[in-house]
Amino acid sequence: MKITAIHEKTVSIGAPISNAYIDFSKMTCSVVALVTDVIRDGKPVVGYGFNSNGRYGQGALMRDRFLARLEEADPESLIDAEHDNLDPFAIWSTLMANEKPGGHGERSVAVGTIDMAVWDAVAKIAEVPLWRLLADRYRGGEADESVWVYAAGGYYYPGKDDTQLKDEMRSYLDRGYEVVKMKIGAVPLPEDLRRIEAVLDVVGEGARLAVDANGRFDLETAMAYGDALVPYGLFWYEEAGDPLDYLLQAKLAERYAGPLATGENLFSHQDARNLLRHGGMRPDRDWLQFDCALSYGLVEYLRTLEVLEEEGWSARRVVPHGGHQMSLNIAAGLGLGGNESYPDVFQPFGGFADDIRVEKGRVGLPQIPGVGFEAKSALYALMKEIA
Ligand SMILES: O=C([O-])CC(=O)C(=O)O
Ligand SMILES: [Mg+2]
């Protein structure tokens, strides 16, 4: 059993939308196809992966370092003899050979993308959905039959007014979501409060609305927003300040009584541990949003989940960023709290399998082997071309 080829391509996921920190007009993402010599249904098994929005395509890092290391490795060293399959942990160690600790930067995105393709291939070789494989290997066979999801959107874009924002949010409710998320922080506080109140008009109550500042605020602004937001009783207040400013997060948590969320820009189990040690996050109400596709993949995610347990956190407090099917599988297989969803943006990478409907804010999972990409036709068409 061996990997016979790995193809990668950078594709555009550009859109004329902005959060408080960046616009997505030139956003790209890497897609990887990992071809094996294992035959299932008369064809070689191919595993697919891509990176989450927010970081750009990783082709250069993959070509320069990571894919070369895999190609040079002895194929025998990448096999999991116990399961007669590829070994994601051995592959991860090969990818990360001669990489120093710390400074996780963009390499965690390159590795996370390849790791997704590896797990997709592993589940296809085992002929089970990835969520089932994870539940069997790590949770005594117990899998969640459905996963809570929320609809993320509410971006800023030129010409968008409150009517369009409200229409967008109403359409998420019409599609079965119960909680929606909108961006804040790109306009002055009074304007954001007006936008928030417009959305509350549609969703009915603060408990159905999360807001995301994308790390824009200094401490003073984070506090001013917090004071203004607290009466709404929002679902969560996300990434108020810089993702690595744990003191800001801790001071905000002392003052803001409602739920806070952060973690999408922490890319390793060490960074996650620092957040839990120093960021004042409260395990009884706050939310963690680490995204495997940005943070060295599922191999590293398993370490992050161990850190959580050591620090007294339940995996149910984790709702990953990224709105992709990989995290959906992890959520169902490993018992996370839910998953993000982008019903309209970042297509075809956002959203779920074609025949999966959101009902009362929850989605089921595809029953096909692997992550389920083949059940999302627009995405699979693009992936197949790369393979
Ligand atoms: O960068 C973005 O706009 C995406 C993001 O924060 C999220 O989905 O939470
Ligand atoms: Mg966010």
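Predicted model: local features only at pLDDT ≥ 70, side-chain atom pairs only at ≥ 80, totals over all residues.
View 1. The protein splits into domain 1 (3-127) and domain 2 (138-376). Taken over C-alpha atoms, their centres are 24 Å apart. Domain 1 brings 32 residues to the contact, and domain 2 brings 36 residues.

**View 2. The side of domain 1 that touches domain 2.** Look here for β3 (43-50), α2 (88-95) and α3 (107-126), the elements that each give two or more residues to this side. Helix α3 has the largest share, with eleven residues. Sorted by class, this side of domain 1 holds 17 nonpolar, ten polar and five charged residues.

**View 3. The segment with a UniProt domain annotation.** An unreviewed UniProt entry gives residues 162-259 the annotation "domain: Mandelate racemase/muconate lactonizing enzyme C-terminal". Over this stretch the chain is 50% helix and 11% strand, and 25 Å lie between the end C-alpha atoms.

**View 4. The annotated binding site.** The unreviewed UniProt entry marks D212, E238 and E264 as "binding site". These residues span 53 residues in sequence, yet no two of their C-alpha atoms are more than 11.3 Å apart, so they gather at one spot. E238 sits in strand β9 (residues 236-238), and is buried because 25 other C-beta atoms lie within 10 Å, where 20 or more are needed. Beyond its neighbours within four places in sequence, E238 is in contact with residues including A210, D212 and T262. E264 lies in the loop between β10 (260-262) and α9 (269-278). E264 also counts as buried, with 25 C-beta neighbours inside 10 Å. Again leaving aside neighbours within four places in sequence, the contacts of E264 are E239, Q289, D291 and H321.

Key. Residues numbered from 1 in each chain as written. Chains lettered and ligands numbered in written order. Domains from an automatic or database assignment. Contact = placed C-beta atoms within 7 Å. Helix = DSSP H or I, 4+ residues; strand = E, 2+ residues; numbered from the N terminus. Nonpolar A, V, L, I, M, F, W, Y, C, P; charged D, E, K, R; others polar. UniProt positions renumbered as here; feature names shortened; annotations may be inferred. Buried ≥ 20, exposed ≤ 12 C-beta atoms within 10 Å, placed from the backbone.
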